[in-house]
Amino acid sequence: MRGRNSAPTSPYLTMGQRMRRRNASAASVVQASRDPVSEDDSNTSLDQEFHHDQETVNSLIESVNKALKLEEEPSSNVFGAHHIIRIASERLYAIFSDVTHDKISRDESVNKVRLDTEEVLKEKFPNADPFDIMESFSIVSKGVFRNIILNEYRRCDGRDLTSLRNISCDVDLYKPLHGSALFQRGQTQVLSTVTFDSIESSLKADHISTALSGVKDKNFMLHYEFPPYATNEIGKVMGMNRRELGHGALAEKALRPVIPKDFPFTIRVTAEVLESNGKQNM
């Protein structure tokens, strides 16, 4: 598809389209599910979608502008950010400009600056609320980070604003499985496996789901899993949450059009996030 301001890709679409735009007159993301269509038909439908969506966008902009006019002055309880800017801004700039950092080492360095800043300010202002200091540090840290992007047009890992992280894909990693693949983009890593079974193993929908979707048996399923260790955390691995269900449903919609309608097996794909630094639903 050739979208506005996008590079040419395949002339056929089999899944949701993503079009990222920078100005306020266009959508940043478009997601849809459909059978393969030609590029001309796709562009025509997107042009119509943009036109109708502008009414909603303009309405939202108007509401936001009204809300900003009514917004109260920032709380006087928040500790003065100018103290933190004087103490920590240079160190934060150096950290966010150091392209040798990965996500974990960068977070650790920022946390060290935060602790040092808190210690200095507690000695100087013993009555200051620790929460207000942390809140102000967060505001200053985000400001330094954003200014590098907006003013110097580069990201903290050295990429410019139009560059992608390095992407690699390996397939057929585990021979005993029916299929396996490893997706790596920067520090985001997803392991996918596929399993075939007889058509009798298809998911039987309840009466309400059948009435709503018209589908009685479901022989293609994609389950997305995001365990705590993907973000270097410890926690219980319980049932799927709404985020996991939503990501899995989106990916399932993307692949469903390429599954033959008379495929004689049940297919289950599992996508498990092993490491995360950015969006995974690609």
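Residues are numbered from 1 along each chain as its sequence is written, and side-chain values rest on heavy atoms, with hydrogens and water left out. Because the model is predicted, local features need pLDDT of at least 70 and side-chain atom pairs count only at pLDDT 80 or more, while totals for chains, interfaces and linings use all residues. Helices (H or I, at least four residues) and strands (E, at least two) are DSSP runs, numbered from the N terminus.

Just after the helix, Y153 takes a positive phi of about 55°. Several residues of α4 are buried, among them I133, F137, V140 and V144. Here, buried means under 20% relative accessible area, exposed over 50%, and partly exposed in between (1.4 Å probe, protein chains only). An α-helix has 3.6 residues a turn, so residues three or four places apart point the same way. The cover over the buried residues of α4 includes α2 (81-97) and α3 (103-124).

Helix α2 has a story of its own: a kink of about 55° is centred on A88. The bend at a residue is the angle between axes fitted to the seven residues ending there and the seven starting there. A88 is also one of the buried residues of α2, and others include H83, I84 and L92. Those buried residues are covered by elements that include α3 and α4.

Next comes the sheet. Five strands form an open sheet in the order β1-β2-β3-β7-β6, with mixed pairing. β1 and β6 stand at the edges with a single partner strand each, so one side of each is left without a neighbour in the sheet. From one strand to the next, the twist averages 15°. Two strands pair if DSSP finds at least two bridges between them. Strands of a sheet pair through backbone hydrogen bonds, either parallel or antiparallel.

Within this sheet, β2 and β3 (residues 188-198) are antiparallel and share seven bridges; L182 stands opposite L191 in β3. The two strands form a hairpin with two residues between them, and G186 in the turn has a positive phi of about 60°. On pairing with β7 (residues 265-275), β3 is again antiparallel, this time over 10 bridges. In β7, A271 is the bridge partner of S192, and I267 is that of F196.

Finally, two loop residues deserve a look. D172, in the loop between β1 (167-171) and β2 (179-185), has a phi near 55°, a positive value in a residue other than glycine. D172 counts as partly exposed because its relative accessibility is 41%. N232 lies in the loop between β6 (220-225) and α6 (242-255), and its phi, near 60°, is likewise positive in a residue other than glycine. With a relative accessible area of 61%, N232 is exposed.

Conventions: Contact = heavy atoms within 4.5 Å. Axes fitted to C-alpha atoms, helices over the stretch in contact; angles between N-to-C directions.
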